[in-house]
Amino acid sequence: MIRVLFVCLGNICRSPMAEAIFRQMVKKNKLQDKIFVDSAGTGHWHIGEKPHKGTREILDAYHIDYHGIYARQIDKKDLFQFDYIIGMDTNNVEDLRRMAGAAQTGYIARLLDFVPETDQSDVPDPYFTGNFTEVYELVSEGCERLLQFIRQREGI
Ligand code: 4NP
């Protein structure tokens, strides 16, 4: 099983959205027996909560299932148990690298690193901007490209 973890700050807005979108893409491509998807936050504030109302509303609008997704905080062992650890912004990736120290981990990157033609490298935080539509568009594009990247790299 190839294991993919999406990471943001609170694990209620961006990374659960990415988890739900990516899981649906994996299913559509009949790869659910090969790719496992999860998400986590670097912060602890929302542990146990379901996704933010803005995330739920946009996922509902696109008929994307998010049942069973509840916020959790990343644990250092996630860095070794997941093959791809995908941060939503530069701060997330810096936090992940700091947590890893010199240890060898799964492949750490920002989601928008997989969309090189965009002028944005960070998925903006809708907890502060309120713009869940923009986030949906960026996350969807990033997830499409990430899946292509993983398929190519893993030969699946
Ligand atoms: P997320 O958004 O990282 O996309 O889940 C946030 C949610 C909550 C907080 C910050 C960002 N917070 O500070 O509580």
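Where does Asn 11 lie?

Author: A caution comes before the answer. This is a predicted model. Now to the residue. Asn 11 sits in the loop between β1 and α1. Its phi is positive, at about 60°, although Asn 11 is not a glycine. Is Asn 11 buried or exposed? Asn 11 counts as buried because its relative accessible area is 2%, and buried means under 20%.

Next, the side chain. The side chains of Asn 11 and Ser 15 are joined by a polar contact of 2.9 Å. Ser 15 belongs to helix α1. Ser 15 has a relative accessibility of 0%, so Ser 15 is buried. Look past the sequence neighbours within four places, and Ser 15 is in contact with Phe 6, Val 7, Cys 8, Ser 39, Ala 40 and Met 88.

Turn to the backbone of Asn 11. One of its polar atoms is 3.2 Å from an oxygen atom of the ligand. The protein buries 92% of the 360 Å² that the ligand exposes when taken alone. Who else surrounds the ligand? Besides Asn 11, the residues around it include Cys 8, Leu 9, Gly 10, Ile 12, Cys 13 and Arg 14. Trp 45, His 46, Asp 125, Tyr 127 and Phe 128 are there too. Sorted by class, this shell has 7 nonpolar, 3 polar and 2 charged residues.

His 46 is found in the loop between β2 and α2. At 14% relative accessibility, under the 20% limit, His 46 counts as buried. Beyond its neighbours within four places in sequence, His 46 is in contact with Gly 10, Ile 12, Ala 71 and Tyr 127. Gly 10, Ile 12 and Tyr 127 also surround the ligand.

Now Gly 41, another partner of Asn 11. Gly 41 touches Cys 8, Leu 9, Gly 10, Asn 11, Arg 72, Gln 73 and Ile 74, leaving out residues up to four places away in sequence. Gly 41 is placed in strand β2. Its relative accessible area is 0%, so Gly 41 is buried. Sequence spacing and distance in space are separate matters. Gly 41 and Leu 59 are 18 residues apart in sequence and 19 Å apart in space, C-alpha to C-alpha. For Tyr 66 and Ala 20, 46 residues apart along the chain, the C-alpha atoms are separated by 5.5 Å. Tyr 66 is in the loop between α2 and α3.

Strand β1 spans 2-8 and helix α1 spans 14-28. What do they supply? First, a general idea. In soluble globular proteins, nonpolar side chains tend to be buried together. Here, the largest nonpolar core has 40 residues, and Phe 6, Phe 22 and Ile 35 have the most contacts inside it. Both β1 and α1 supply at least two residues of this core, as do β2 (35-41), α2 (53-61), β3 (84-87) and α6 (132-154). The largest share is that of α6, with 9 residues. Take Ile 35: sequence neighbours within four places aside, Ile 35 is in contact with Met 1, Ile 2, Val 4, Phe 22, Val 26, Leu 147, Ile 150 and Ile 156. Another core lies apart from this one, with 11 residues, among them Ala 40, Phe 82, Leu 96 and Ala 100. Ala 40 is also a contact of Ser 15.

Lys 30 is in the loop between α1 and β2. Buried or exposed? Lys 30 is exposed, because its relative accessible area is 69% and exposed means over 50%. Asn 11, by contrast, is buried at 2%.

Notes. Residues numbered from 1 in each chain as written. Predicted model: local features only at pLDDT ≥ 70, side-chain atom pairs only at ≥ 80, totals over all residues. Heavy atoms only, no water. Near = heavy atom within 4 Å. Polar contact = N/O pair within 3.5 Å; in protein donor to acceptor, adjacent residues only side chain to side chain. Areas by Shrake-Rupley, 256 points an atom, 1.4 Å probe, with all protein chains shown as cover. Nonpolar A, V, L, I, M, F, W, Y, C, P; charged D, E, K, R; others polar. Core = buried A, V, L, I, M, F, W, Y, C linked by side-chain atoms within 4.5 Å. Buried < 20%, exposed > 50% of the residue type's maximum accessible area, 1.4 Å probe, protein only. Helix = DSSP H or I, 4+ residues; strand = E, 2+ residues; numbered from the N terminus. Contact = heavy atoms within 4.5 Å.
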